[in-house]
Amino acid sequence: MANTRVIGLDIGTSAVRAAELELGAGGPRAKNPPTLVRYGEVPVPLGSVRDGEVIQPESVATALRQLWSQAKFESKDVILGVGNQRVLVRELDLPWMPLAQIKESLPYQVGDMLPMATDDALLDFYPTAELDGQQGRMARGMLVAAQRDTVTANVLAAEAAGLHPQMVDLNAFALLRALSRGDLANATAAFVDIGATITTVVLASRGVPRLVRSLPSGGQHVTNALATARGISAPEAEALKREIGIGYAVTPDRQDAAEAIAHVVRGLVESVRNTFVYYSGNNPGAGIDVVVLTGGGSHLPGLGQYLSSASRLPVTLGDPLAGLRWGKSARRDQITGRESCVALPVGLAYGVAA
């Protein structure tokens, strides 16, 4: 296998981000680590992407064209991510067959499990294990069912920018691929990506996904609550949010702002903690070793300590670039201090060789 260059594209609520990796012979887990060739990001207008779904295709296409112009990506072939409340992911056991046959059979096997008609869904199956059941050999894996129109909207926006989506991948799996390396590859870890309006939680044991959830809350909700409480603009609220953080003492004149932040963060952290409790309840004896935070929302000062206290688990910031080599065109100044924001595009690029 010759060296392969792959571009992972994340269309987020606040920005479009793309990472180009060069994978040597053997793919992401080969002896020689992948090289980050280029990375870029461009903000998107507020409201053009809502909860991970493109609402204003032309606005997003304009941002994508700007991204390609600025970062100077040489290819327009991309691996596109998807992940929002209209994507269902659940563990499923099916009679063993070759993977291609399992995928072909999904519309006939899972119709009664879905909150949508199979004709309106894009279905996939991510195998995680084989086991012997009462009816013989079984395949265990993660069923992915996405509303067809939520995927189509993102694909059409990319195509309107002149890009060529080669594959659509689940953001949760991309997150896992980007971060489950080194010590984390052998741990039971909770990967928590806090985006602008969606928080993705992936519970994985030794690199194998066991539970995936998308929570309808993120950093933008904190900013919006603060803007409303103070009667200030979103940029002003964003700056003030970063100054105040969560869990720190504030002066009396900032008490209202601190309460607005805490109200939203408490709800998000409680939802994340409940996901951990659900996992532990369904996997007796399988404790969680560590929580790994990524995404723009993870940079709220004090959030890691707050989540650690609520969950009684160690919390760390994820670094998807650890172990990667840097290409001559990759600019460190774009990424330093914001490594966790690069997790999704990097993981999407990994997916082509997974």
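Which residue in strand 16 is the bridge partner of threonine 35?

Modeller: Arginine 325 is the one you want: in strand 16 this residue is the bridge partner of threonine 35. Before going on, bear in mind that the model is predicted, so local features need pLDDT of at least 70, side-chain atom pairs count only at pLDDT 80 or more, and totals for chains, interfaces and linings use all residues. Residue numbers start from 1 along each chain as its sequence is written, and side-chain values use heavy atoms, with hydrogens and water left out.

Your pair sits where strand 3 (residues 35–43) meets strand 16, in the parallel sense and over two bridges. Two strands pair if DSSP finds at least two bridges between them. Strands (E, at least two residues) and helices (H or I, at least four) are DSSP runs, numbered from the N terminus.

Step back and you're in an open sheet of six strands, with mixed pairing and the order 10-6-1-2-3-16. Strand 16 (325–326) is at one edge and strand 10 (164–170) at the other; each has a single partner strand, so one side of each is left without a neighbour in the sheet.

Now for what packs on it. Helix 1 (residues 57–71) lies across strand 1 (4–11), strand 2 (15–23), strand 3 and strand 6 (77–82), and runs at about 140 degrees to strand 3. Helix 3 (residues 148–160) also packs on the sheet, touching strand 1, strand 6 and strand 10, with a direction at about 150 degrees to that of strand 10. Axes here are lines fitted to C-alpha atoms, for helices over the stretch in contact, and angles run from 0 to 180 degrees between N-to-C directions.

Neighbours within four places in sequence aside, leucine 64 is in contact (heavy atoms within 4.5 Å) with Leu9, Ile11, Val16, Ala157, Ala158, Ala161 and Leu163. Leu64 is also one of the residues with the most contacts inside the largest nonpolar core, which has 66 residues; Leu9, Ile11, Val16, Leu67, Trp68 and Phe191 are on that list too. A nonpolar core is a set of buried Ala, Val, Leu, Ile, Met, Phe, Trp, Tyr and Cys residues joined through side-chain atoms within 4.5 Å. Buried means under 20% relative accessible area, exposed over 50%, and partly exposed in between (1.4 Å probe, protein chains only). Apart from that core lies another, of 33 residues, among them Val222, Val264, Leu268 and Val291.

Further along there's a second open sheet, this one of five strands in the order 13-12-11-14-15, again with mixed pairing. Strand 13 (208–215) and strand 15 are the edge strands, each pairing on one side only. From one strand to the next, the twist averages 20 degrees. Strand 11 and strand 12 pair antiparallel over seven bridges, and a hairpin joins them through four residues. Strand 12 (residues 199–205) and strand 13 are also antiparallel, over seven bridges, with leucine 203 bridging to leucine 211 and valine 201 to arginine 213. The hairpin of strand 12 and strand 13 has two residues between the strands, and arginine 206 there takes a positive phi near 50 degrees. Six of the seven residues of strand 12 are buried, so this strand is largely enclosed by the rest of the structure.

Glutamine 85 is partly exposed, with a relative accessible area of 45%. Not counting residues up to four places away in sequence, it touches Ile198, Ser214, Leu215 and Pro216. A polar atom of its side chain lies 2.3 Å from the backbone oxygen of serine 214.

Last stop, helix 8 (residues 303–311): Leu303, Leu307 and Ser311 are buried. They cover an arc of only 50 degrees around the axis, which puts them on the same side of helix 8; the arc is that of the directions from the helix axis to the C-beta atoms. Gln305 and Ser309, on the other side of helix 8, are exposed. The cover over the buried residues includes strand 11 (188–194), helix 7 (255–282), strand 14 (290–294) and strand 15 (315–317).

Note on methods:
A polar contact is a pair of N or O atoms within 3.5 Å; within protein, one must be able to donate a hydrogen and the other to accept it, and residues adjacent in sequence count only if both atoms are side-chain atoms.
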